[in-house]
Amino acid sequence: MLIKIVVIMIVVLGTIYYLDASKLFSFDEDHVEKRWNGIYKFTSENEIDLLILGNSKTYCGINPKTMSSRLGLNTFVLATPNGSLTQCYYNLREALTICKPKMVAIEVTTLNSSTMAEKEGSGKSFLYKDFDARRNIYEKVITTPKWFDIEEYAFAWSTSIRNHNFLFTNTEQIKKNKEKKEIINNKLYLGRYVRFTSGIEDSILNIYESDGPAVDGDSLTISDEQLNSLQLLIDLLEDNNIQPVFFTIPVYKDHIENYNTRYELLSNLIEKKHGYELFDFQQFYQEDMLTANCFENTYGNQHMTYLGSLIITYNLSDSIQNSPQSIGLPNRKGDQVWHNMFYGEESYFYNNPMILGNKVLFVQNEIVTENCTIKEVGIVQEEKVKIIMAKIPKSCILDSEKEDLEVQMIVDVKLKGKPQRIQVNLPFNKYHIPEEQYIYSIPANDIEFIKILQTKVVNTKLSAPTI
Amino acid sequence: MLFNSFHFLIFFPIVVGLYYALPQKFRWVLLLIASYYFYMSWKAEYIILIVASTLVDFGAGLAIENADSKKRKKLWLFLSLFVNLGLLFTFKYWDFFNESIRDTLNLFSIQFDPSTLKLLLPVGISFYTFQTLSYTIDIYYGKIKPIKHLGIFATYVSFFPQLVAGPIERAKHLIPQFYNKVVFEYERVKNGLLLMLWGFFVKVVIADRLAILVNTVYKHDESHNYLLDHTGASLFIASFFFMFQLYLDFSAYSNIAIGAARVLGFDLQSNFRRPYWATSISDFWHRWHISLSTWFRDYVYIPLGGNKRGVKRHLINLLITFLLSGLWHGASWNFALWGVLNGLFLIAQVFIDRRKTSKKPKTSFVKRLLQSAIVMLLWGGSLIFFRAQTFDDAIYVFQNISLTGWDNLYELGLTVSEYKFVFYCLVSIYILDYIQEKKDLYKFLAGRNIVIRFAVYITAILMIIYLGAYGEDVSDNQFLYFQF
């Protein structure tokens, strides 16, 4: 009888395994899965120097490419929706099987009053997705009893069991998965998830005025489970000679009151008890910079917009750079491979204007035109040719129009040593498409830039190419 | 711990493995520990109630047997009744009783504000108290001798396969089995496992899927009475589905209990015998929740006099029995009314039967179908009181139920494919039940070749996993990221 039962179990488990592996019951790849795929892909060829852990505030609030360009190292954001510090700890365990960062930065809104057992609804759903996207079987086995109740094990380990209802409620997804072809994406991805471009509007500001802050710092506590996880995380980092730093992604100044209480709690815990630095951008709120435009337009849970993330990214990277704890961090700005990986990516030219070998000879950023803001204009020295390059955010351009557009500039230059004022027209570069921008470029071997006087983005199909 | 849980899927094989590995004399210890663990995994502190009931009834049983007068025997029996029914009353009926008095006094403008206990109803209390009561009552009437082994008695009271939802076992039938030497018998164990598999299939794939629609329509919580948003055909289909949900869910649970016990070498009584093929109301009650029906027959109806004290008394006894049966199912007047309604149906049956000749004519299939349809109609109608949250809700359903207004059929929680699937399943179950009346389907399957049998087992397991109605709240397409 035992043999018969074993045979039946093998067939049943084999069927489950096959359905899971075929991904017939998977939902569309979301950023949770993309992030884990991303870290595995990145670490297959590169090292991560700075690993950032946290929750949705982190992957919205930190721009890893900007941080990498600024600090001259490889940064990856491994944050999960609704992530707690317990999740961070177990995700870190798996991350350390594929990389050995010199520093790990942990966002401290993950240190909250929640416990894994209390997760429900969408929080539980994201937990399943996070677990599902991980690959290390041993680490997943260790994690299972810490994240899930025994009744949830099957849902956690098997996508087809968790989504078996698709057979009745979402057959389109199954059909889509059946026809899906694997798309190989070579774009550089470091864990970011851009969601919010516009900031808080008057309607929400009025609610702050009438109802007051949404959060009371006095009520923010930390559960025992999170405190234990913090200790485990610190022990893990210390055992691996990895430097931890902690930071807070802020919310809008009117969103929270009595933050002092929360800050004292965190400071006593992280700085006094454990002796590590806490970069708290809420406590030291830069009112002149962190305007309403920097935050998501919601009264409740609040994330940073693209603008806000740039500010915080620069703040955090500067804090890390100036911290004595950054001594062990590498500086890859002398590494051509690193430059090749990042140039053309966001903030690269702003943070690397003059480098070894004069690779980047000129840069100007945030050039405002009639129809969009050009992120950066630079002159790059390739092996045998000099290139003028302009980077325009994809959000400013219709995908269908991109190849018809041209960046036209009136510039003061030196041509063969002689100062001149000329027009330069940069067409679309279809060979180099970073994740978030389109590149417009031409070779410019004899040009030495002095000043950009005027810039325009023109649709060559609609108008005559002239400024 | 529920039968249809991952916890049980791990618990049961471990218990079975240890059971057959242990010598016979220690097996009751394992079963007792396993049963207490089974119960405590729900709410640990409530094990005290089972222990209290066990100790009182074990002692009372011995005391009744050893009492030298009928008066003393009665006293000990009364103690057993008082403790068991007292516990049941406290946890299940205290608030209902007080609220009923309050509402009655309010009719006469008398203010009465009783304290409510709002105690969590211990799972299975209605089942195990009746099981232990049957023990002391049977000792009192001299039908059985008391058991002198406290451990085995405790195992009888708490035996996990039937602890929380029956069948309610009589001591005379179950206790001797703890003394039987049980060896691993392939056919018996296989039979038990197949019965469990069938139970899981019926519950998880069919009954729980019917529940989705029923719960959507009949939903009535503190914030809103969703039932009032439905009318016409929605009410009809929900009430129709509930009739099958109740049968399939309960019979499945019984089958899993009986199957699990069979694997361990115990024979539990059958609890359902294809009730929707009953040809009359009285036939129905010989087929539905048999262990409870016979309990009320033996410990309420017959002691009241049954049908032996004249027609009038007979009818009163029927009404009392069914009223109590109704209240046993739930502490509300809805359940009482449900019970009384079925009592009245049976009374009508009594009058119809008195007019029949003694010879029963042979029934054709069509006539049988018609008879069972009438029984189901009456039964299904009474179940509206059973399912509705309040009396007003039940009246609302009766006033608004019809076969018109099918437009919002797909807004009741089931998709088109689910409706089709449910339809095929219900028809299949109905047909299989009929076939089972004539033929033993288990023997039929056992006679097929091994490939067919394995295909059936594997298909059933995969259908439970992939077509089961569970985990709706965990699938990936439920949630969007926008809050995180």
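Modeller: Two strands pair if DSSP finds at least two bridges between them, and the strands themselves (E, at least two residues), like helices (H or I, at least four residues), are DSSP runs numbered from the N terminus. Before we apply this, please keep in mind that this is a predicted model, in which local features need pLDDT of at least 70 and side-chain atom pairs count only at pLDDT 80 or more, while totals for chains, interfaces and linings use all residues. Residues are numbered from 1 along each chain as its sequence is written, and chains are lettered from A and ligands numbered from 1 in the order in which they are written.

Colleague: Over how many bridges do strand 11 and strand 14 of chain A pair, and in which sense?

Modeller: In general, strands of a sheet pair through backbone hydrogen bonds, either parallel or antiparallel. Here strand 11 (residues 405-415) of chain A pairs with strand 14 of chain A in the antiparallel sense, over 11 bridges. Along this pair, Ile410(A) stands opposite Gln454(A), and Val407(A) has Val457(A) as its bridge partner.

Colleague: Which strand order does the open sheet have?

Modeller: The order is 12-11-14 in chain A, an open sheet of 3 strands with antiparallel pairing. Strand 12 (418-427) and strand 14 (447-459) of chain A stand at the edges with a single partner strand each, so one side of each has no neighbour in the sheet. Strand 11 of chain A also pairs with strand 12 of chain A, in the antiparallel sense over 10 bridges, and there Val413(A) stands opposite Gln420(A). These two strands form a hairpin with 2 residues between them, and Lys416(A) in the turn has a positive phi of about 50°.

Colleague: Does Asn82(A) count as buried or exposed?

Modeller: A residue is buried if 20 or more other C-beta atoms, placed from the backbone, lie within 10 Å of its own, exposed if 12 or fewer, and partly exposed in between. Asn82(A) has 22 C-beta neighbours inside 10 Å, so it counts as buried, whereas Asn258(A), with 14 such neighbours inside 10 Å, counts as partly exposed.

Colleague: How many residues does each chain give to the contact between them?

Modeller: Two residues are in contact if their C-beta atoms, placed from the backbone, lie within 7 Å. On that basis chain A gives 33 residues and chain B gives 28 residues. On the side of chain A that touches chain B, the largest share, 6 residues, comes from helix 6 of chain A.
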